[in-house]
Amino acid sequence: MPRILAIETSCDETAVAIVEDGKNIISNIVASQMEIHQRFGGVVPEVASRHHVENMTMVVEEAMSAAKMSYKDLDAIAVTEGPGLVGALLVGVNTAKGLAYAHDLPLLPVHHIGGHIHAAQLVAEVEYPTLALVVSGGHTSLIYMPKEGVYEGVGETRDDAVGEAYDKVARTIGLSYPGGPEIDRLAAKGEVTIDFPRAWLEDGSYDFSFSGLKSAVLNYIHNAKQRGEEVVPENVAASFQASVTDVLVERSRRAASEYDVKQFLVTGGVAANRELRSSMESEFPAEGNVELVIPPLSLCTDNAAMIGAAAQIAWKKGLRAGYDLNGEPGLLL
Ligand code: KG4
Ligand code: ZN
């Protein structure tokens, strides 16, 4: 039943959605600041906060009018509590508090990564036990869920998040921010000609490490230039992407079999990557016993519909926030 208005402002997207039953999207508006941050080569926190303030009211109104609803039709207001940029989070949290107070609606706190995971609910019936690979600009986590609302960390990056590695490597090849989609496009035109390292770490580990790979790409470009050799950006992109994909897919396949799950979910901005999607699809074939669920691109990158989906779990658990809710940049799942 519940119809939830959800707000997401943890990074550089001002997003508001209305979601019913944690699975039906009634409206879903995302105002991206990507072009603004592009000229700085990355997200500038203070600039992000200011733009959230500027856009917020308009995005809320747009989500309400697209849904053709009034506040009487809503049951709760949900908001990303963390993790994320503190100033950015605060804009969403304060807007949510204001709306909850003004319209006498309960306030539901949502974890951003929980949001990415439960984006799967918007496209499939999630069956437990399940595993989720969350790959974004800030996170690379493998999470086991024996049942709804219970999260056990299985693996985590020990240094850079995978999206961060994409963005940094993109910058060295001279591509604009965000680098992930750019590398994705470039790699499709290249070949895997360079054997970049894969950080397998110790036997049995489900952790990840991408900083060595990032340095290997930088060194390769530096050395090739010093030797006067031609650097083919398409091949660097394809070889880097192959190394990332190999590790993500191997960890996912092994975890899915060890944890004996019904489904395997892949979410977060990097799940938009075409190479990763197709490698996952061949590793978890449609007729296999583990169902692969990868939401469409628009639900993989930051959005508020995923926050509305995750809020359904907070709603069912009876979790409610008070007006003292704060943005928590380091919030744990
Ligand atoms: O989930 P998201 O929108 O924001 C965070 O919570 O971080 O993820 C953004 C990240 C960026 O690092 C971006 O470069 C990466 O996702 N990304 C991609 C692709 N599209 C976005 N990485 C690889 N291939 C893509 N197609
Ligand atoms: Zn995210």
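1. His112 is buried, as 28 other C-beta atoms lie within 10 Å; a residue counts as buried if 20 or more other C-beta atoms, placed from the backbone, lie within 10 Å of its own, as exposed if 12 or fewer do, and as partly exposed in between. The model is predicted: local features need pLDDT of at least 70, side-chain atom pairs count only at pLDDT 80 or more, and totals for chains, interfaces and linings use all residues. Residues are numbered from 1 along each chain as its sequence is written, while chains are lettered from A and ligands numbered from 1 in the order in which they are written.

2. His112 belongs to helix α4, residues 112-118. Helices (H or I, at least four residues) and strands (E, at least two) are DSSP runs, numbered from the N terminus. Leaving aside residues up to four places away in sequence, His112 touches Ser10, Thr80, Gly82, Pro83 and Gly84; contact here requires that the C-beta atoms of two residues, placed from the backbone, lie within 7 Å.

3. Helix α4 also holds His116. His116 is buried, with 33 other C-beta atoms within 10 Å. Its contacts, again without residues up to four places away in sequence, are Val134, Ser136, Thr267, Gly268 and Met306.

4. Under "binding site", an unreviewed UniProt entry lists His112, His116 and Asp302. These residues span 191 residues in sequence, yet no two of their C-alpha atoms are more than 8.9 Å apart, so they gather at one spot. UniProt positions follow the numbering used here, feature names are shortened, and annotations may be inferred rather than shown by experiment.

5. The unreviewed UniProt entry also gives residues 24-308 as "domain: Gcp-like".

6. Is strand β1 enclosed or open? Of the six residues of β1 (residues 3-8), five are buried, so the strand is largely enclosed by the rest of the structure.

7. Strand β1 pairs with strand β2 (residues 13-20) in the antiparallel sense, over six bridges; two strands pair if DSSP finds at least two bridges between them. The two strands are joined by a hairpin of four residues, and Arg3 has Glu20 of β2 as its bridge partner.

8. Strand β1 is also joined to strand β4 (residues 76-82) by four bridges, and these strands run parallel. Here the bridge partner of Ala6 is Ala78 in β4.
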